[in-house]
Amino acid sequence: MRTVYPLVRYRDAGKAVDWLVRAFGFEIHELIRADDGSVGHGELIAGTGMIMTAAGEPGGPGIYVAVDDPDAHHARAVAAGAEVTMELADQDYGSRDYACKDPEGNEWFFGTYRP
């Protein structure tokens with residue numbers, strides 16, 4: 001594993017990104033838009049780290065963990081009984097990701113993301 005990035009969900013990720021830039025001085029690293037033009041995923045530079053935003057229902061942050069081999073990591077999580085919430089797949093932004101829940105129901109995202 002390399003770096004952990006917090007992933008925060010917002011009902012309107014575009015408005016959230018605008019507010020986070022204005023309110024906290026984060027810088028936009030990248031915005032990935034959905035087919036309808038809305039922001040589906042945002043990456044903001046926060047000091048020496050990164051905050052990732054995504055469209056969805058708020059309810060606490062998810063955690064994004066960069067891993068070298070998501071296929072092997074996925075297999076290990078499944079073998080341990082993790083509830084997979086997003087199947088392992090190549091993403092349009094170049095990462096190979098999957099998501100699962102831990103026994104307490106917290107969602108974790110794993111993939112090859114590199115800023």
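This is a predicted model: local features need pLDDT of at least 70, side-chain atom pairs count only at pLDDT 80 or more; totals for chains, interfaces and linings use all residues.
Me: What radius of gyration does the chain have, and what would a compact globule with 115 residues have?

Reply: The general idea is to compare the chain with a rule based on the number of residues. For 115 residues, a compact globule would have a radius of gyration near 13 Å, and the value for the chain, 14 Å, agrees with this. Along the principal axes, the C-alpha atoms fill a box of roughly 45 × 25 × 25 Å.

Me: What share of the contacts with a separation of 6 or more comes from residues 24 or more positions apart?

Reply: Such pairs account for 48% of those contacts in the chain.

Me: Why does glycine 14 count as buried, and in which helix does it lie?

Reply: A residue is called buried when its relative accessible area is under 20%. Glycine 14 has 15% and is therefore buried; this residue belongs to helix α1, residues 13-24. Of the 115 residues of the chain, 34% count as buried.

Me: Is histidine 73 buried or exposed, and which residues does it contact beyond its neighbours within four places in sequence?

Reply: Histidine 73 is in helix α2, residues 70-79. Its relative accessibility is 19%, so this residue counts as buried. Beyond those neighbours, histidine 73 is in contact with Met1, Val67, Tyr98 and Phe110.

Me: Where is threonine 112 placed, and what does its side chain reach?

Reply: Threonine 112 is found in the segment after β8 (107-111). With 19% relative accessibility, threonine 112 also counts as buried. Its side chain reaches the backbone nitrogen of arginine 96 at 3.0 Å, and a pair of this kind is judged against a limit of 3.5 Å. Apart from neighbours within four places in sequence, the contacts of threonine 112 include Arg2, Tyr64, Val67, Gly94 and Arg96.

Me: How far apart are the mean positions of the positive and negative charges of the chain?

Reply: The mean positions of the 10 positive and 19 negative charges are 4 Å apart.

Technical notes: Residues are numbered from 1 along each chain as its sequence is written. Side-chain values use heavy atoms; hydrogens and water are left out. Helices (H or I, at least four residues) and strands (E, at least two) are DSSP runs, numbered from the N terminus. Buried means under 20% relative accessible area, exposed over 50%, partly exposed in between (1.4 Å probe, protein chains only). A polar contact is a pair of N or O atoms within 3.5 Å; within protein, one must be able to donate a hydrogen and the other to accept it, and residues adjacent in sequence count only if both atoms are side-chain atoms. Contact means heavy atoms within 4.5 Å. The radius of gyration is taken over C-alpha atoms; the globule rule is 2.2 Å times the number of residues to the power 0.38. Lys and Arg count as positive and Asp and Glu as negative; His and the chain ends are not counted. The place of a charge is taken as NZ of Lys, CZ of Arg, CG of Asp or CD of Glu.
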